[in-house]
Amino acid sequence: MISVEEALKSILGSISPLGLEKVNILDALGRVIGEDIHAGRSIPPKDNSAMDGYALRAEDSRGASPERPVRFEVIEDIPAGAVPQKRIGPGQASRIMTGAPIPEGADAVVRMEDTRKEENTVAVLAEAKTGQDIRRAGEDVRPGEKVISQGEIIRPAEVGMLASLGRSFILVHQRPLIAVVATGDELTDIDEPLSPWKIVSSNSYSLAALVRDCGAIPLQIGIARDQREDLVAKFGAAMRADLIVSSGGVSVGDYDLVKEVMKEAGNRVQFWQVAMKPGRPLAFGSLGGVPVVGLPGNPVSSMVSFEQFVRPAILKMMGHANLFRRTVRARLAEGIKKKKGTRHFIRAQVRSEGDGYTVATTGDQGSGILKSMVRANGLIILPEDVAAVGAGGTVTVQLLDDSLSWTREPGY
Ligand code: AMP
Ligand code: MG
């Protein structure tokens with residue numbers, strides 16, 4: 001039996017980031033970019049107006065006030081998108097809209113609110129400073145500047161930046177194909193007629209959902225019977241994936257054949273059993289070079305083990321640098337006990353309270369109690385050497401989702 005850290009090290013050591021593919025910038029959302037992006041142009045491309053108003057020479061407006069307006073001859077109208085045709089000379093102004101290029105000769109914009117329109121002139125009611133309300137060419141991005149670095153995650157802001165640089169396609173790390181194989185003679189699929197002796201293979205779906213939640217592509221292989229031939233056939237079908245995740249068949253029962261298949265020619269078992277609860281009977285190895293994580297069969301064990309080992313592996317394949325869920329320290333609402341020697345992952349509900357967090361378990365911690373997972377947004381992690389933590393004690397909680405990032409009311 002090995003520790004959680006050793007298991008993680010062993011798995012991540014066998015996983016490398018996938019290659020790159022060219023995708024449309026909108027499809028790149030959430031993906032990890034595989035190239036540095038240097039600007040090939042200035043943004044904005046030209047000096048342009050930050051306001052609706054009048055472009056003029058700041059020095060000509062000296063002393064202007066509502067009581068002593070300074071009058072300018074209006075020589076042109078420059079809507080956004082237009083190219084100015086006339087040069088601004090002394091005492092002249094052009095009416096200009098936000099985003100329109102600044103005409104030659106002008107060095108300031110006076111906003112509409114500080115002017116009064118007259119027949120062929122405009123009365124300027126406030127003195128302008130040089131450069132006022134002009135957005136300078138390149139003030140956002142200068143040509144050659146590095147704006148996005150390899151390894152960063154593409155968010156909506158990056159998509160917008162790429163668009164303004166004229167990039168419609170970029171290189172990102174590929175999304176891995178993750179095969180999900182359930183094993184067990186007691187299992188049936190959702191829409192098959194249910195007999196009292198059968199249980200629905202919920203793992204086929206919870207694990208596929210977890211795969212998708214990581215941003216990878218699930219390949220649903222279905223249910224393998226607890227027979228060598230069927231396991232070999234189903235694993236064979238799974239081998240076109242980048243990683244195989246199975247559930248069940250890794251304990252010490254007579255029909256737990258997953259390890260046996262992983263020991264056959266061309267395959268390999270790297271380790272079996274991790275000192276954790278739930279999730280102890282976990283096997284890791286490879287089938288003909290494809291890494292395989294044999295998760296335990298119980299619905300909670302498979303999900304908790306996926307979170308600890310498979311998610312980081314998938315994120316690594318996708319080029320991510322941050323592979324692990326965030327943990328917080330939280331005040332325990334009730335006392336909990338455990339046996340020493342293994343690390344416990346206890347399903348829990350975390351809430352933010354004041355400056356910190358409080359946490360309570362979600363009830364029965366049996367590894368078949370999926371409801372306790374449904375109610376959980378975190379896992380309390382109790383270390384190997386701990387036997388009990390009293391109510392009010394502080395524990396580490398791994399956050400399972402971003403529910404704590406959202407609130408009913410705006411925070412202002
Ligand atoms: P095993 O590790 O194969 O002994 O499975 C342990 C228990 O987990 C079984 O008795 C089932 O109740 C449950 N189980 C196994 N596979 C699945 C599955 N795909 N979906 C839901 N429950 C499962
Ligand atoms: Mg089984």
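Which helix and which strands each supply at least two residues of the shell around ligand 1? In this predicted model, where local features need pLDDT of at least 70, side-chain atom pairs count only at pLDDT 80 or more and totals for chains, interfaces and linings use all residues, the elements that do so are strand 13 (177–183), strand 15 (199–200) and helix 3 (202–213); helices (H or I, at least four residues) and strands (E, at least two) are DSSP runs, numbered from the N terminus. Residues are numbered from 1 along each chain as its sequence is written, chains are lettered from A and ligands numbered from 1 in the order in which they are written, and side-chain values use heavy atoms, with hydrogens and water left out.

The shell around ligand 1 holds 16 residues, of which Ser-201, Ser-202, Asn-203, Gly-249 and Gly-297 come nearest, a residue being near if one of its heavy atoms lies within 4 Å of the molecule. A nitrogen atom of ligand 1 is 2.9 Å from an N or O atom in the side chain of Ser-201, while a nitrogen atom of the ligand is also found 3.2 Å from a polar backbone atom of Ser-202 and 3.1 Å from one of Gly-297. Taken alone, ligand 1 exposes 480 Å², and the protein buries 77% of that, with areas computed by the Shrake-Rupley method with a 1.4 Å probe.

Elsewhere, Thr-362 lies in the loop between strand 25 (356–361) and helix 7 (371–374). A polar atom of the Thr-362 side chain lies 2.7 Å from the backbone oxygen of Ser-372.

Methods:
Polar contact = N/O pair within 3.5 Å; in protein donor to acceptor, adjacent residues only side chain to side chain.
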